[in-house]
Structure formats: C-alpha cells, structure tokens
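Which residues and strands line them?

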Amino acid sequence: MIDNHIYGGSMMDKKMIAAILIVLFSVGAIFAQTTGTLAGRVTDADGEPVAFASVILLDTDPVLGTQTREDGTYMLIRVPVGTYDVQAQQIGYRPTTVTGQRINVNETATLNIQLSERDAIEIGGIVTTAEREMVQADRTGSRRQVDRDAIENISVDGVDDIIAMQAGATMVDGSLHVRGGRANEVVYTIDGMSVSDPVDGGTAMTVDRNAIADMVVMTGGFTAEYGNAQSGIINIVTRDGTSAYSGSFEMISDHIFTEGTNRDELKVTLGGPVLGPAFPRLRSRFTFFFNAAALRHDSRFKDYFISNPYEDFKNLVGRPEDYPVRDPFEDRDQFLIFDLDERHFNSYNANLKFTYRHSPQQNFSFSTRADFSRNIPFLLRPYGHIGSNWSWKYALEHYAEVEEDMRQHMFTYNHMFNPQTNLNIKGSYFRKTVNEGPRGISRYDFFQLDEDWTYDPDDYETGFEGVDFLVSQETGLIRREFQNPEIYVDPENWQYRMDGRENARGIPGFVRPGSFWSRFIDDETTTMTLRADLEYQLDMANNIKSGLEITRHEIIKDRWLGPNNINMERFERYLRDQGTVEDIIPAVYDPDDSTVVIRDEIIVYDQKSRHQALYETSGTRDGYEATPYQGAFYLQDRLQFEGMIANVGLRFDFWYLGDDYIRIYDGVRERVSWDEWDIGEDVDKMRLMVSPRVGVSHPISERAVMHFAYNYQNQLPQMQYIFTTTTKDDAMLFGGVLGNPNLEPQITVTYEVGLQQQLGQDHVLDVTAYYKNIYNYVSIMTIREDHPEHGEVSYLQYYSEDYGSTRGVDFTLQRMLSNFIAGSLSYSLAWAQGNHSGLSVKDETTGNLREFPLNWDQRHAADLNIEFRVGRDEEWYLPYSDVLFPMDDFSLNLVYSLASGRPYTPIAEEGNQQLDTNSRRRPTTETANLRFTKNLRFGRSNNVRFWVNVQNLFNKRNILRVFPRTGRHDWDGADISENHPPDYVDPIREYNYLQSIQDPSMVGGPRTITTGLSFAF
C-alpha cells in the first residue's frame, strides 16, 4: 500500500517539497484532453513503405500535417476533434484522399493509406472513404464517446440524461453516480478545465447541447493525467467557429398540445470569422462561436403551487376568509399561451469562444461562459437539501428561493514545435456563488429596533426589550405587523374538528401558513487554475506526457440556519464582550416576599447592542474565509508494441491548507492558526499523495481487443469538512460539528478487465468487469472529553472512517448507422456496498462495521437507444413492399430505460424499530421516450428543423420513494384510530391525514409532449 500521509512536520521537509514542485513545474504540465491523434502508415501498391510522404488534413487553415518516417509511419498529435479529409502525397505517386476520417477526444485514430504510382500523363488523384473504426486498439480504460450527431437527435432533455444512459452511470434523485460511487466523485470538465465545486461537491456548470462538439464519459481505467476523481470524469469539448458564418435560432415548448410543465426554452447560436470579409487572410484563422439558452418552467408539480386549505381539508377551525387561496400564476403577464414573467424554475447559460490560429505551430483561444439559475425548488431539492418538502405546500409565500451563478473565463495557448512535440498551456478562472433564503425576507428583517421603545429601569425585564422580533419564537410564524394579513393564518386556526368531539386537532403533516424557510446561504467559491502539458512522440512506440497543475481556491462561506433559535449564553457573551452598557439595575431583595427571586444586579446594554447581539448570535452560523491550494504532477508513457499498447503512469497530488483561515462567528472575524488548532494532534498543512496507474490494451485480432487496468485514485475530501466555524469549545458547549484538517484523502483502488469485439460489419460489443475498494469516506465521530468547567462533555468531529466497495459488469452493444438504423444497448449489473450512505454519527463503541447496499445501489440498469434515420435525398421503401415512403431527411429516436428498484430500510409494523439497513427494495422503474425530427432544407445551408419529443411514452407511473413501514408510496401505515371507541377511525381524521401523505414526488412524472422548431443557416 502506498503511503499517502502528509509530508509535513519539519521545515526541512517543507522546503524540500517546495523545491521538488518548482523543478517539476519546469519539466512539464497536466491536462485533460480536448484533442486526438492521427497515426498510421503510408505504403505503395506492393505494401512497401513510402518514406517522407506528406500527410495533411485538407481544408484546415493553417494546414495541419506531417511527414512519414523512413518506415512509412506517421503520427500527428493534438488534432482538434472533428471529421476531416486526409490526403497523402509524394512525388511519383498519385495523391490519395481519404474522406470522413473522425478524430475523437484522447483517442488515436489509425489511418493507413496506399499510394499508387503515377503514369506519365496522369494528373488526377484517388479519393476513398475512411473506414469506421469499430474497436479502439489503444483504449486501456472504460470510456464512451458521444459525438454531436448523437447528442442532437436523442430523445432526452439534458447532458446529464445522456450521461446516465451510458453503462455504469445512473441518475439517482437528480445526482449522477458512476459505478457505485458517491455523487461528489464525478468531475466535470469543459475544454479540459474543471467546473465542479471543490467545497461541497454541489452542481457543476451547465453547457447547452448546441455548444457541445464532443463529449467523453470515462467510468474507469483513468490514465495518470486525470485526477481528483474517484468514479467518473465527464470531459466536454465546446464548438469552434468556422470560416463561414452560421447560426441557429430554436424554440421549445411542452404546452402546445398538452398542459405539460409550462416549459419554454429559447436558444441561439452564431459563429464565424471575427473580422469578416474585410480581412480574408484571417477568415479561417480568427473565428468565434457563441450560444445562449434560456429555460423557464414550473416543473411537473406546477399545480401544487396553488393552495386552498379550506377546500383541501375538512372542518377547519375558522372561516374561508381566514385561508385565502394562493395562486402565483394569476398575476403573470402573458403573450398568447406563453408567460412572459419568470417562473418557478429559471436558468440561463451562455458561451462565447474565440480561436486564433496564428500559424500551423501556434494557436490561441479564449472563452467565457456563464450559467445562472433562480429557482423556487418546492418538491425538488433546495441547495444541498435531501428529501421532499411536500409539507411546505401551504407555506410557499416564504419558502426557499435559490440563486446559483457560475462563471468561467479560460485561455489556451498551444505551441507545436514539430509534429511530434507539443506544448499546451491553459488558465482558468471559475467562480460559483450560491444564495438561498426565504422569499421576501432578508437577513436584516428578523430583528428590528422598536423606534417607539423607551428605556424604563422600573419596567425593564430582559435583554430583548427594545427589539422587535419578525419571528415569533413560540410559533415560528411571521408576525402580523411585518406581514400582509391576507397570507397570515392565526395559529389557533390551523386546526380541525372531528364531528362530535370537542377538542380540535392540529393539521397533520403540513407547515402552518405564514411560516418561513429558516436558512440563509451566501457562499462564494473562486478557483484559479494554471496548467500546461508537454506531449512528446519519442517514436512510434513511445508517447510521453508530463504535466503540472496549480490551483488556488478562495472560499467565502456565510450560512445562517434557524435564526429564530436564540442561545442565551452566546447572546450574553456577545453583550459582555462587545455591548455598550447603558445602566446597571441594583440587586433585587425582598425577605418578606418569598416569590421574589434574589438575583444579582442587572446590566442593561443599549438598544443597538441588544439588536446587534440578537442578529449575530441567533441560530447556527457557519462562516469562514479560506485560501487552500492544490495541484498535481504526473508522468506517463504510452507504449505501443505489436500485440500490446500500455499506458503506464505515476501521479502526484498535493494540497496545502495555508497557515490559517478566517473564522466569522458571533460578529467576530478571527484568524485561526492551524498551529494553535486543538484536536489532540499536530495539523499537517501539506499533504502529498501518490497514485500509480497501469492500463494495458491487447489486440487479439483486427476485430477484438482486450484491456486491463489498475487504478489507484485519490480525491481530496470536500473542504466543507475541513474548514468550519465551529471550534472545539463551541462544539462542546453549543453543538455543531468540528472540522478536521487531518482528514485523509478518499482513496479508490480499481481493477478492471474488458473486451471489445466487432460483430459483423456494423456492431461492436464492449464488456467490462470491475471491482473497486473505497476508503476514507468522511463520517462524524462522537468524542468524549473532560471540560475544565463542565466536567465530561461530548462533541462531534468529522473523521475519515467510512468505506465501501463496488463491483459489476457493464455491457454495451453498439450499432453503427447502416440501412437507416443506428443505436446502442447498455446494461449494467452492479453491487454498491458500504458501511454508510452518507455522513453518519458514531462513537468508539458504535457504528456499522458491516457493509450493506448503499442508497444508490441499483442492481440492474438497461438503456436501449434506437435511431431510424433517412438522410436527405435518400429513398426508403416500406418493409416487405415496393412502396416508397414519401419523406426524406427525418429521424425517429426511441430511448427505453429499465432499472431495478433502489434499496430502503424497512420499519417494523409495530413500534418504530428499524430492521436491517437497506434490506428491501423499491419497485422497478421503466421509461420510454420517443422523438421525431424532420428537416426542411432551403438552398445549400439553410435548414428548418421541427421535432416532437414524447417523454414517458406509455405514461408509466414509476414509484420513486416508499414509506419504510409499508413499502408503499400512498400509505405510511400510521395508526390513526381513536381510543374511544376502541380502534375507531374517524372519517374526517382519515381524510385530513391522507392529504399529508399524498406526496406527488413519490412517483415519477406523467407523459409530456415537447415540440421544437429551429432555423439554421
């Protein structure tokens, strides 16, 4: 086992590490590929090598090309993703052009070209079509290539849905899991730079489908150049502009033919030369590509945003006017059937990319992109929230509103010294901000100075006097004077009566109208990355890569939870330390009246101090600022011999926490030094991790390739578990979880073996078996210690204690387009087990020591994707007939998904005892989507496209969650009977109770029909 402990301790060690890093930076760089390689051999008609022949990619400006060696072999590295016409030429031979050669991300395309000798009077050349590579001989890991054609016509909505269709990937509760790993183990990159959240593993940046040129989904067997990911890497390559102007405008709606989800989407793209015809020499060298998309919808739960408690429940206490109907749709401005105002879910993204090809040896690119969303996530997860919020149906006026804003600015410089040596330098600035809070309420609304209050020492009672509470501590409701009475429900009225019974009962399961979402989040993370890569094709047998990456994070976290909860000890401590004393009331003592409590003198602080103390010390705070660093260095060699291709590499990851960070707590900004951190052991601020990677590909024949891979992968723990506001004393006295700077890196050791087999001319089968051991998942440990003032106390701290293991087999059968049909069938048989599915609290004597199925464990998952495509001017006859179908240039795509149910932990029928963890399973789910696309072309480049997409074609009701006592989605097994008479179920109580458990998010959505129309030029 490789030692992954921190290289910290002595100053000599730190200087040595710094020196090593400086040396490594001068050697090379790290990268995530956005290009591919073209290689092969040029021979004559007799099979003899043609030396020093030119091999060029036509229609590239500047021209990309190389020469063959003496043995006729050639290799051209760093070829942008796309489809090319390749020409080989040599004096005395007829030029040979091969059309339609595809270059994929991080793959080597093999193209062997044969030249024929030229006759004395012959002028022309030979044109052939590139054969499709059904198996990739150099693939040493598990990866799926998804090109633009596949993305364009598939009948699913987003990029994540396309990823989830690949073998080994599943979408669970909106989060992507790859081969049994947790959601935060998947890293997303755009043009080779990460856009994943390093702090809490939250959502990654969205890229519209129209901006994607190519996408690679890697599920195992990573080479050394890829790191800080345990389960999967999603590498998205965006489109470049061309020498001709082109663009498109697209409109999408799902409420044209059916009610749908009130979803409307607008997209626009535009690309071409930056300087236009005025500078013809730069027309193909200096280009741009721009796209933007705006999506607004109300989700499939849109009808539930309307509430009328008086109609929904029986025998409510009060009058109808006490329960006004809330309809958020009635005030929206409309044009025809389209809402002009924002809806409950709104997202906008844009992408602008400039490319300048200075010469065949040098090119530059700059891109900037943005992704913004503003949502009211009722029945969908708020930021970082788990589970349904059905209980908030009647309190949506001040429910959570979430805004996420992500921006990336990126530059790339590429210098090809010769066809075998390339230097690539990239820089990225990525910022993500998240803001969440109750709608219509700011942080400063909770506590306000009472302008009419005057201090009277004879009447003064508590330190709260003179401050108005927006929040009522007793009820958790907004007080009348701060709220429109029309949406305020008196606490006494949120009850109902049963016939013949005097006592009223509270409304079951629902938050009282007028309640507020009691959480504020204002987080900002900035990630600045600089890296370079050096690739050197030593010879046809050795391709060497080396690289270094340096990343600086700026983390600003400011969270306020439960502001209506006031901790008196913190409140009084704040006043003692920072308050302004206004008066001191003498001690109260009355020996003749035993009801008078004898107490010490009362210190009265001024009104502003009390107001500020309430604001700063109420609720639970989590606020800090930190600037940790991380980086990596790797060295990798791709060895190619006859009968074997091997990727052998070694990767070094490091992180540096900095000497200190700023803790913001109870109104105080305090610089916390790691050297003074009291956790019973030294804090190691620098950590170095080593990861060996080996992958071997063994071509059995021209139609079959086996591969083997061993991965030792490290991933840094989420930084929210390292930096925390809570100190050890705070954790002991006030609760909260103490961070741990000594958390171990999460480690995954993966073994996999796979086979690619071409079947016939059009089919290829890919089978991969894998096994993974996962260590150092973060958990929460209960620690007991003696406190000098309070005796034995306990507190909570994050620890690297949990573990897991996954194993499975992935099958993919792919059919290339032939006879109008293309498609794929993927199937995964998998086991995902561990001792905990998430953060869990345990101590030295408790905790789950055995493995059980994790919450996202899905034993069987299958996806069928079939496309029937008739090209322009192609003829298609109805099967078994001579009848010509009167349409061309259209496609029909069917996606069918079938998955076994995920596990849940049952509860005994009697009592509340939990049975074996995740020992039962939800029902199987299945979904079919169908999309029809028709193109109408005008002229050489104008195209109108119309499409209809039917999701959940068969209107299947998929059960997503169940109640643990019954295993059903519509009944939780609660005992709602009365004692008098025994076992009597009152019909009114039953009716009202059933309203609380009819959560629509327990089942999947119904059939929807989405239509789209686009114009492209």
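The points below cover the cavities of this predicted model, with their volumes and linings.

The structure contains seven cavities of 30 Å³ or more.

**Largest cavity**

- The lining of the largest cavity is made up of 29 residues.
- Nearest the centre of the largest cavity lie Asn106, Asp138, Thr223, Lys545 and Asn647.
- By class, 17 residues of this lining are polar, eight are charged and four are nonpolar.
- At least two lining residues come from each of strand 1 (35-43), strand 12 (142-147), strand 17 (212-220), strand 32 (519-539), strand 33 (542-566) and strand 37 (629-641).
- Strand 1 provides the largest share of the lining of the largest cavity, with three residues.

**Second largest cavity**

- The second largest cavity is lined by 15 residues.
- Thr170, Arg179, Gly180, Ala830 and Gln858 are the lining residues that lie nearest the centre of the second largest cavity.
- Six residues of this lining are nonpolar, six are polar and three are charged.
- Strand 14 (175-178) and strand 47 (821-834) each supply at least two residues of the lining of the second largest cavity.
- Strand 47 gives the most to the lining of the second largest cavity, namely four residues.

Key:
Residues numbered from 1 in each chain as written. Predicted model: local features only at pLDDT ≥ 70, side-chain atom pairs only at ≥ 80, totals over all residues. Heavy atoms only, no water. 1 Å grid on protein atoms, 1.4 Å probe; cavity = no way out; pocket = protein on both sides within 12 Å on 5 of 7 lines; lining within 4 Å. Points joined across faces, edges and corners; volume = space filled by probe spheres on them. Nonpolar A, V, L, I, M, F, W, Y, C, P; charged D, E, K, R; others polar.
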